[in-house]
Amino acid sequence: MRIFDPHIHMTSRTTADYEAMYAAGVRAVVEPSFWLGQPRTAPASFFDYFDALLGWEPFRAAQYGIAHHCTIALNPKEANDPRCAPVLDELPRYLVKDSVVAVGEIGYDSMTPAEDAALEAQLQLAADHELPALVHTPHRDKAAGLRRTLDAVRRSDLAPELVLLDHLNETTVDEARDSGCWLGFSLYPDTKMDPDRMVRILRSHGTERMLVNSAADWGRSDPLTTRQAGDAMLAAGFTEDEVDQVLWRNPVAFYGQSGRLDTAAPGPAAGAATHEGNSILRGGS
Ligand SMILES: [Zn+2]
């Protein structure tokens with residue numbers, strides 16, 4: 001089973017996670033920029049983080065045979081902090097980078113006017129750069145959050161096929177599907193969506209435009225829920241081809257719209273054991 005996790009925050013994960021992911025079949029990931037669990041106090045903090053998503057993290061992933069791309073944005077939560085607003089002006093210089101395959105994650109957290117403005121500006125940036133957008137839908141008040149998200153997408157210059165609506169569930173899947181956007185489902189260990197609920201949604205809605213991700217980060221999460229979804233699909237009678245469509249071909253098709261996706265698994269890089277002089281070994285060479 002080959003797996004492309006289209007939404008995972010590897011910066012928060014360990015090398016043991018990379019090993020387990022590779023063993024489970026993960027060969028490619030997209031890491032969206034997001035918040036750190038505590039507020040950043042200055043734009044420079046974002047820029048160091050973006051640079052890590054562009055340099056250090058792909059290097060680390062490559063040591064474990066996993067292709068790493070990222071999405072760059074001012075996340076919804078910190079869009080409410082005026083100290084972070086200048087980040088928006090600097091995004092264009094990141095959105096031209098080779099391994100940036102979308103603008104994201106953008107969308108709503110608490111559905112404030114500041115979030116409206118940041119979402120609108122960043123959907124426009126995606127359209128201007130001919131990039132897809134990864135749009136986070138709120139974990140609270142999901143139906144209203146999706147409606148407000150879809151209103152913003154419809155007002156924008158970005159075509160629905162360039163939008164991935166993430167963190168969907170049974171209450172939002174129908175309306176999201178009717179929008180023409182791609183549909184993302186984040187599977188968590190014990191709350192929100194899980195593999196069995198995912199299988200039921202795939203049974204009722206099919207495998208077209210459907211993406212499954214672990215959204216694993218610094219919180220309670222599991223980078224192997226994608227594999228668990230694949231196993232649950234097979235146990236429920238889906239074919240290997242259908243599993244491959246959901247876990248590999250759909251994310252490749254969505255992020256491939258950037259024109260920058262390279263899913264050739266890099267393999268442990270014998271010749272490149274350091275990134276800017278630093279290695280993942282401690283004190284070794
Ligand atoms: Zn996320």
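Analyst: Happy to. A word on the labels: helices are DSSP runs of H or I with at least four residues, strands are DSSP runs of E with at least two, and both are numbered from the N terminus. With those labels, Ala215 sits in the loop that connects β8 to α9. Please keep in mind that this is a predicted model.

Eight strands make up an open sheet, arranged as β1-β2-β3-β4-β5-β6-β7-β8, and their pairing is parallel. The edges are taken by β1 (3-5) and β8 (210-213); each has a single partner strand, so one side of each is left without a neighbour in the sheet. From one strand to the next, the twist averages 25°.

Strand β3 (residues 67-72) pairs with β4 in the parallel sense, over three bridges, and Thr71 stands opposite Ala102 of β4. Strand β5 (residues 133-136) also runs parallel to β4 and is joined to it by three bridges. There, Val103 has Ala133 in β5 as its bridge partner. How many residues of β4 are buried? Eight of the eight are, so β4 is largely enclosed by the rest of the structure. The backbone holds a detail to look for as well: the peptide bond joining Gly104 and Glu105 is cis, with omega about -10°. Glu105 belongs to strand β4.

In the loop between α8 (195-205) and β8 you will find Arg209. Its phi is near 60°, a positive value in a residue other than glycine. Arg209 has 20 other C-beta atoms within 10 Å, and because 20 or more is the cut-off, it counts as buried. With 27 other C-beta atoms within 10 Å, Ala215 is buried.

One more packing arrangement involves two helices. The axes of helix α2 (residues 43-54) and helix α4 (residues 87-95) come within 10 Å and cross at roughly 20°. That makes α2 roughly parallel to α4, because angles under 35 degrees count that way. The crossing of these two helices is right-handed. In α2, Pro43, Phe46, Phe47 and Phe50 meet Val87, Glu90 and Tyr94 of α4. By class, this contact has six nonpolar residues, one charged residue and no polar ones.

Conventions. Residues numbered from 1 in each chain as written. Predicted model: local features only at pLDDT ≥ 70, side-chain atom pairs only at ≥ 80, totals over all residues. Axes fitted to C-alpha atoms, helices over the stretch in contact; angles between N-to-C directions. Parallel < 35°, antiparallel > 145°, perpendicular 65-115°, else oblique. Left-handed = near helix turned anticlockwise from the far one by under 90°. Contact = placed C-beta atoms within 7 Å. Nonpolar A, V, L, I, M, F, W, Y, C, P; charged D, E, K, R; others polar. Pairing = 2+ DSSP bridges. Buried ≥ 20, exposed ≤ 12 C-beta atoms within 10 Å, placed from the backbone.
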